[in-house]
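Here is my note on the model, as numbered points. Please read it beside the sequence and the coordinates.

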Amino acid sequence: MQEVTATSRHYVDRLFDPDPQKVLQGVIDMKNAVIGNNKQKANLIVLGAVPRLLYLLQQSSSSLELRTECAVVLGSLAMGTENNIKSLVDCHIIPALLQGLLSPDLIFIEACLRCLRTVFISPVTPVQLLYTDPTVIPHLMSLLSSSQRTQEYITQIFSHCCKTPEHQTVLFNHGAIQNIAPLLISPSYKVRMQALKCFSVLAYENTQVSMTLVNVLVDGELLSQVFVKMMQRDQPIEMQLTAAKCLTYMCRAGAIRTDDSCIVLKVRLP
């Protein structure tokens, strides 16, 4: 135990080296040391690595490579236990990473989003932290078109953090439907699946959203028809079930009739 702690302390001490190159190498070595090692992650957190990593991540004097590596290490620490997540949240990791999304560098943005995704999908993270700053949701919407990775991470964050009618309204009012609908035909399965999950949580017991979905076109096709295609047997079970949920919620809201051809045909088909 002492030996592990001594090694962990060495990693943390290197984060304070006056030579920026040595700090960068220290962060890279730390990244390699924590992969799949929950004990090492816990030790580094106890020894105070997180506040220092967050400090380096937020310093404009830090190189872009250093800031990106810090985000990657923090993301790795977040993949540990729920206690790890609690420690990260207590260190105010979420506002620091959200601030990082204002960077012009896509690689750094993706690293911040990956970490945010990992933190937000944990059951111990208060989802309300996504809605504290009213500028966050519109900025996330604006980042959706940046890359497949931003699309995957942001839609996953939205689908996990949409828990109340108020959350649905915030996302709806900031253009969630028109911004996320095109992602349903993304070449990436992960993006399509997370976009579909977003529609599932947005439409849940929400008449306003369901009524809007009826008229949405995706590449010239009605959204309900896109959902029907996603329910076909050649699609993964997870996709079939989530698409069925979307249509079910639209039916319950009265947005599509139960005798609509898209519903009847799906029921009748063997």
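1. Contact here means heavy atoms within 4.5 Å. With neighbours within four places in sequence left aside, leucine 47 is in contact with Thr5, Ser8, Arg9 and Val12. Leucine 47 sits in the loop between helix H3 (38–46) and H4. From leucine 47 to threonine 125 the C-alpha distance is 22 Å, at a sequence separation of 78 residues.

2. On the basis of the note: this is a predicted model, in which local features need pLDDT of at least 70 and side-chain atom pairs count only at pLDDT 80 or more, while totals for chains, interfaces and linings use all residues. Residues are numbered from 1 along each chain as its sequence is written, and side-chain values use heavy atoms, with hydrogens and water left out.

3. Overall content. The protein has 17 helices and 2 strands, where helices (H or I, at least four residues) and strands (E, at least two) are DSSP runs numbered from the N terminus. Its C-alpha atoms fill a box of roughly 70 × 35 × 30 Å along the principal axes. Of the 270 residues, 51% are buried; buried means under 20% relative accessible area, exposed over 50%, and partly exposed in between, with a 1.4 Å probe and protein chains only. Of the contacts between residues at least 6 apart in sequence, 66% join residues at least 24 apart.

4. The core. A nonpolar core is taken as a set of buried Ala, Val, Leu, Ile, Met, Phe, Trp, Tyr and Cys residues joined through side-chain atoms within 4.5 Å. The largest one has 93 residues, and those with the most contacts inside it are Leu53, Leu74, Leu130, Phe158, Phe199 and Phe227. Helix H8 (residues 106–120) supplies the largest share of this core, 9 residues. In soluble globular proteins, nonpolar side chains tend to be buried together.

5. H5 and H8. Helix H5 (residues 64–78) packs on H8 at an angle of about 15 degrees, with the axes 9 Å apart. H5 is therefore roughly parallel to H8. The cut-offs are under 35 degrees for roughly parallel, over 145 for roughly antiparallel, 65 to 115 for roughly perpendicular, and oblique for the rest. Axes are lines fitted to C-alpha atoms, for helices over the stretch in contact, and angles run from 0 to 180 degrees between N-to-C directions. The crossing of H5 and H8 is left-handed, a term used if the near helix is turned anticlockwise from the far one by less than a right angle, with right-handed for clockwise.

6. Residues of that contact. Leu64, Arg67, Thr68, Ala71, Val72, Leu74, Gly75 and Ala78 of H5 meet Ile107, Phe108, Ala111, Cys112, Arg114, Cys115, Thr118 and Val119 of H8. By class, the contact of H5 with H8 has 11 nonpolar, 3 polar and 2 charged residues. Ala, Val, Leu, Ile, Met, Phe, Trp, Tyr, Cys and Pro count as nonpolar, Asp, Glu, Lys and Arg as charged, and the others, Gly among them, as polar.

7. H4 and H7. The axes of helix H4 (residues 49–58) and helix H7 (residues 93–100) come within 10 Å and cross at roughly 20 degrees, which means that H4 is roughly parallel to H7. Their crossing is left-handed. Leu54, Leu57 and Gln58 of H4 meet Ile93, Ala96 and Leu97 of H7, a contact of 5 nonpolar, 1 polar and no charged residues.

8. H15 and H16. What is the angle between helix H15 (residues 223–230) and helix H16 (residues 237–252)? They pack at about 145 degrees, with their axes 8 Å apart, and the crossing is left-handed. Ser224, Phe227, Val228 and Met230 of H15 make the contact with Met239, Gln240, Ala243, Cys246, Leu247 and Met250 of H16. These residues divide into 8 nonpolar, 2 polar and no charged. Not counting residues up to four places away in sequence, Phe227 touches Leu184, Leu196, Phe199, Ala243, Cys246, Leu247 and Met250.

9. Leucine 202 lies in helix H13 (residues 189–203). Leucine 202 counts as buried because its relative accessibility is 3%. Beyond four places in sequence, leucine 202 touches Cys162, Gln168, Leu171, Ala176 and Val209.

10. Backbone points to check. Glutamate 205, in the loop between H13 and helix H14 (207–213), has a positive phi near 50 degrees and is not a glycine. Aspartate 219, in the loop between strand E1 (217–218) and strand E2 (221–222), has a positive phi of about 55 degrees, again in a residue that is not a glycine. Glutamate 205 counts as exposed at 69% relative accessibility, and aspartate 219 counts as exposed at 71%.
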